[in-house]
Every structure is written in C-alpha cells, then in structure tokens.
Amino acid sequence: MTTQTEQPPRLFEGREPVFPQRVSGWYRRLKWWLMIFTLGIYYITPWIRWDRGANLPDQAVLVDLANARFFFFWIEIWPHELYFVAGLLIMAGLGLFLFTSALGRVWCGYACPQTVWTDLFILVERWVEGDRNERIRLLRAKWSFRKARLRITKWVIWLLIALATGGAWVFYFADAPTLLRELITGQAAMVAYGTIAILTATTFLFGGFLREQVCTYMCPWPRIQAAMMDEDSLTVAYRDWRGEPRGKLGKAEGDCIDCMACVNVCPQGIDIRDGQQVECITCALCIDACDTMMEKIGKPRGLIDYCALSDEPLERAGVTPKTIWQHILRLRNFIYFGLWSLIGVAMVVALFIRSDFSASIKPDRNPRFVTLSDGTLRNAYDLKISNQTGAAREFHLSIKTDDPLRLDLQGVDGMNITVPADETMHQRIYVFAKPEYETSRMDNAPIRFWVEDRASGERNHVDSFFAGDPK
Amino acid sequence: MRKPKMNDEDYPTTGHEWDGIREYDKPMPRWWLWTFYLCILFSIGYMIYYPAIPLINGATKGVLGYSSRAEVQGEIDRVNAQNADIEKLLLATPMEQIAKDPDLSRFASAGGAAVFRTYCAQCHGAGAQGAKGYPNLQDDDWLWGGDLTTLETTIRHGIRHDADDDTRYSEMPKFGEILPQEEIKQIAEYVLAISNQDHDVALAMLGKPLFIDNCSACHGETGLGDREQGAPNLADALWLFGGDRDTVLHTITNSRFGVMPAWQGRITDAQIKQVAFYVHQLGGGE
C-alpha cells in the first residue's frame, strides 16, 4: 500500500468503520450498571405519580409549557422563578468543570446520552450480527439473503429503541398516560408526533451510524475539555515506559504484546497507545481489555490505566506518583466544588424561604395620573397576584402611605380578592389623593401595597409610587 | 481493517501561520459532504414548492401556492372563526350584563383595547388621557354621560357628525357677536368664581345675572352643566379647553365645540360594544 503522503490529500474522507469487540471487566460492568441506571431514569421518570391535589397535575416531573409551569415532585416552578432553572444550569456547568478537572472526560465516557445509546446500539449489533470478526466479515460479504436479514433485524431493533427514546421524551411535557393513549389512538398534537419523529431519526442516525463521529466532529465538548484539563486530571493512558518497546510475547522487552485488544474494543476507533487524543472519551474499555490480556500472560495489570499526565515522568523515574485521591483532592477541585455547592445551597435555601404567593404591581404610565372633577388625583395600577398553590385563596389588599390615600379595586366591593388555584390574577386598582395632600403635589410619593393571605395571615409587599402633579 | 494512520507531521498545511500555529489541510469527513449535498437537494425542492426566484414583476409562485399574506389572512380568519360564538354572545348581551360574564368581559375589554388603539388613540391619546379639546376618558367628567349605554350611543353616532341623523348635537353661540366685550368679561369672572378660582369679586357679581340670562339655559344656574345637551360642568376642576381667564374669555367670545365621527358603519357593532366596554372600565365609567 502506498502511503497517502505521496498523493495530494483528498478533499473528504470516509468514515473508517469501527467494530468494537466484546470485552468484560470491572469498567464494562460499571458501564452496564450505569446504562441501566441512566436509561431507567430516562424512561421511568415521566410515569412517576405525585399527588398535588385536585387542581394540579399528578405527574412527578412535568414541564408544562402550555401553562408555563415546571413540576418536580414537591417543587413547582413558575416562570418568574426561572432563576432556579438558571441556577441548575450554572450548577450543571460548574459540575462539568469539576468532573473534568478531577476525573477528566468521565461524562463522555459514562453518562453522555451519545455514549449510552451508542453502547446500547453496539450491544444490539453484536447480539444480531455477532462479535467483531463476524461483523467485519459481514461488512465485506456480498449482499445475500442472510446479510439482508441480519441488517434489517438490526435496523428494526435500532428503530424500535429510537422510537422508544423519542417517545419517552414527549412524556415529560404532558400527562404521560393521557398522552400515550392519544399517541396510540392518533389524537395527540402534531408537535408530539413531530418531536418523536425527529428524536427517533436522530437517535437512529447518531447511535447507529454516526457514533464516534458525533464526539469527534460535532460535539464542542472535547475542545472545551481540552482547555479545562491539566496535568493532574485523570485520563485513560498507556504506560509506555512499561509497554515499550512492544512486540510479540517473549520477543520484546516491553510488557505490551501488541495484541491489539485495546484497539479492537475501542468504540472510538483509536489506539490509546498513541497518547492522549481528542477522540478518546475515556470509556475505559481498553483498560478492561488490556488487564484481561496482562492477566493471561501473567504480567501486572494496569498497562493501560487511569492516570494523570504528571504521573508519567515520576513513574518512569521509578518514584511513586500521587495517588488517585491526591489527584482529585486538590485546590482547584475544591474551588469548583465550593462554587458548585454554594449555588446548590443557595438554591435550596431560596426554595425553602420562597413564598407560595407573589405579587407584582405596574403603575399606569400613560397617563401617570388622572385629575377628577373635584381636583382629586387618581393613579391606576395593574396588580398581579400569583397563587402558587392548588387551592383558591382570598387575599386582602391594603396600602401604606404618608397621607391617608384611598384605595379602590375595580369591579370589586371591599378589599378582598379571590385568586383561583394555580393562577395569576390581574386586578386593576385605583389610589386617590385629595388635592390638599402633600402627596398630590409630589412627583413620586412612595407607596407600599400589602397583600395578605386571609387564611394564613402571610403577608407580602410590593413597593411602587404615587405620581402626583408638582405644578 | 485499519489503514496505516498518517502522522500529523506528514499532512500538508494550508500555509497559514499565526504565532507558530499552522493550519492542517486535512480532508473533511464524508458525512459532512453528505449534509452539504442534502442541503442542495433541499434547496431545489424548496425552490419548486415555495416562492423563490425573483423576477421583474415578483417572484416565482411555487407549486404549493404559499404566500405569507395568505397565511396571515388565514390566521385572522381562524381567530375570527374561533371568536364567532363569543362575538354572537356579545351582540346579544346588553351592555350592563357584559361584566357579569368573566369570559365575555375579557373578550370585550381585550378587543376594545385593540379597537381603541386603532381608531380612538389619535385624538384621545394612547392612554385615553385626552388632550386640549379632546376629552380625557379616564376621569369622572362626562359631557354626554359616562354610563355604558350612553358611551355606546356616543361612539355609534358620534358628536356633531352631520352625516348621522342621531348624532349628538349642540352648539354654543359666539357671544362675541351677541354681547358687548364688557359683559363677556363679567361673565368670565363669574365662571372663574363658580369654579373656585381667583377672580374679581365685583365683576363676578355683575356677571352673575348675565350668566343666568345667557348661559344657564344650557350650563344650569350654578354652572353644573347639562348632559342632555352636552353642556360642560363649569364648576368643577376639569376643563376641556382650559379654565384660565384668557381661555374662558376666548371660549365665551368665539364658542368652541369638538367633533367626533360616528363609528357606526366604520367598525362593526361588536367592536362598538367592545370599545364602549373598554372605555367604561378605564376608571371613569358610571
């Protein structure tokens, strides 16, 4: 074969097929369990019920876009509390910093949906078409009835998994049992079918065909992570000081017998012995593969292992390197963890001290005030009360001002407003200042609106101003 | 199966270099190329199905016959169809009963707000606060009355709108052509007196009988006005054209009256009811 260097480079390059071989070991078992755990969370969560009373949905986790509510077990988030979601996103970001700095690309290797679903699809592929060598043979074989049967079986199973993936997603956005019934009877909303179709297509394509290319070409994360790792971050690495020079068993000095086990099991199609690569998702399957081999030939495990860059020169010099825990428990990670938990604690505190009703007020700006026939000035406000509980509540409204201003609610007798369960109510309110009051000649006189829950006595206030006529 | 991998050093570079960093000239992945071809295919389909190629008198139509204008019209028709039932209910409901039905009052006030901003805001202001010569609709001072039925009538037939036989009509004479300047001054002082403003007491005393003779037929003996004739209350703090001495003098001498078009026939009956309801709930409704 001539080397490519002698020809001008091609404009594009086809994917080199990857046929990951079956492997067993500690990390493989861990990944199986993590797959069951993460897929379990994904598929089961929308079906968990949570009783919130008659007026609220009984789905434990529900993103109710139509009514702008987010339900998470006992927590209900309204749009004005979106900072909780922002906080969660910041925590997710910092969490990724933390994990990357401490454990390298552990997210990529174990928890990323692309990895989990690709793993599942490879499992199906192996189950239908056989292990690595059979699959290579099948790829090279001419089209025959057998090849078509195996391919179609595999694709159908993939499609079913993809359909279940896309199908589970929509249950997070509507009452799951109702939606399932509607989906089957063809009565669900177009957007539900559309979402399922798109997610089915992407799952099928990404898990079945694109696989490692998603990580290598599409995902920005490997690039970002490369900037966040340092010489203490854990990565999967080959101890070349021990393995080299590699060669057939008994014919080379190094421990590496060049059996290609690590390459054959790699879902990313790389050779870990080439050193750190952007393609490596640190799934650790090569560790399992190599350890198995080392045991067979009676050499110590760990030729390929989790280690940090700084370990390498120490190990080469025969010095005991830092332990895994020393790599993880270092200042940088403590800072990340501190920030991460600070936001987490702040959010939990905010969650517990938040009120279950909220009020906001918007003064009329046009006109700022209205003069009545007896010279009294009137200001109008749009008061918004959100009742964030599952029962209707009555609120009493009062104002605190310097002058004894009069309060009036449009279309309501008295000062009590009933807000239906889980709703926001707009109430137009008027405040009157007699011409002899100082307030009526002030540009902006402070005014505080008190909203009191009649049943519990809980009070919230909102501050605004009364616009007078300084002329 | 794996081809011998090229070392990075073997790859040619583009020749670009920044601070010693060079750019590889590596081949792009083939799936990327497929995406590119798919986009081209999509664009061909798009050009066939949708308006695409600009010609001299407009663009090609596309076989789907899509137009954004028709889409908007379709959306308007859809909303109108959705509102058909509640609009029928609105037309059948007397003005006073609208507020009792929360859905109906929401429909009326939201629709009325839109009508107001389209047709009324030019004179009465976006916040209905009015301007000199254009009544403030938020206050409690009404020339012709501020209850729901009266508001509906005013909007329907307009004020001094000649083309409408039922329009509200009244006309104040130009007293500059009737009374001597001296007497007009005395009446003006009296008007300032009844509206609690600074005035010349002696002149006002002289103006009182003149006011009763010439003005009380419409404005009432105490100047409280008469809504039957659209005669403003002269004793309150609110003035349509202004209440200072010069303005009052000018008003008596030359007389003033505004005009409002009749909206019947220009907007639908439902819109008239909506906007009447909207104006009524701005704070001044009676």
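Visitor: What is the mean pLDDT of chain B?
Guide: The mean pLDDT of chain B is 91, and 97% of its residues reach 70 or more; pLDDT is the predictor's confidence in each residue, from 0 to 100. This is a predicted model, in which local features need pLDDT of at least 70 and side-chain atom pairs count only at pLDDT 80 or more, while totals for chains, interfaces and linings use all residues. Residues are numbered from 1 along each chain as its sequence is written, and chains are lettered from A and ligands numbered from 1 in the order in which they are written.

Visitor: And what ipTM does the complex get?
Guide: The predictor gives an ipTM of 0.80 and a pTM of 0.75.

Visitor: How many residues of chain B are in contact with chain A?
Guide: In chain B, 30 residues are in contact with 29 residues of chain A. Two residues are in contact if their C-beta atoms, placed from the backbone, lie within 7 Å.

Visitor: Which element of chain B gives the most to that side?
Guide: Helix 1 of chain B does, with three residues. Helices (H or I, at least four residues) and strands (E, at least two) are DSSP runs, numbered from the N terminus.

Visitor: In which sense do strand 1 of chain A and strand 3 of chain B pair?
Guide: They pair in the parallel sense, over two bridges; strands pair if DSSP finds at least two bridges between them. A:Phe12 stands opposite B:Met28 there.

Visitor: Changing topic, how do helix 4 and helix 8 of chain A pack?
Guide: Helix 4 (residues 113-129) and helix 8 (residues 190-210) of chain A pack at about 70°, with their axes 8 Å apart. Axes are lines fitted to C-alpha atoms, for helices over the stretch in contact, and angles run from 0 to 180 degrees between N-to-C directions. The two helices of chain A are therefore roughly perpendicular, a term for angles of 65 to 115 degrees.

Visitor: Which residues make the contact?
Guide: Among them are A:Trp117 and A:Phe121 of helix 4 of chain A, and A:Phe206 and A:Gly207 of helix 8 of chain A.

Visitor: Is strand 5 of chain A buried or exposed?
Guide: Four of the five residues of strand 5 (residues 234-238) of chain A are buried, so this strand is largely enclosed by the rest of the structure. A residue is buried if 20 or more other C-beta atoms, placed from the backbone, lie within 10 Å of its own.

Visitor: What does strand 5 of chain A join?
Guide: Five bridges join strand 5 to strand 6 (residues 304-308) of chain A, and the two run antiparallel. A:Leu234 has A:Ala308 as its bridge partner.

How values were computed:
Parallel < 35°, antiparallel > 145°, perpendicular 65-115°, else oblique. Buried ≥ 20, exposed ≤ 12 C-beta atoms within 10 Å, placed from the backbone.
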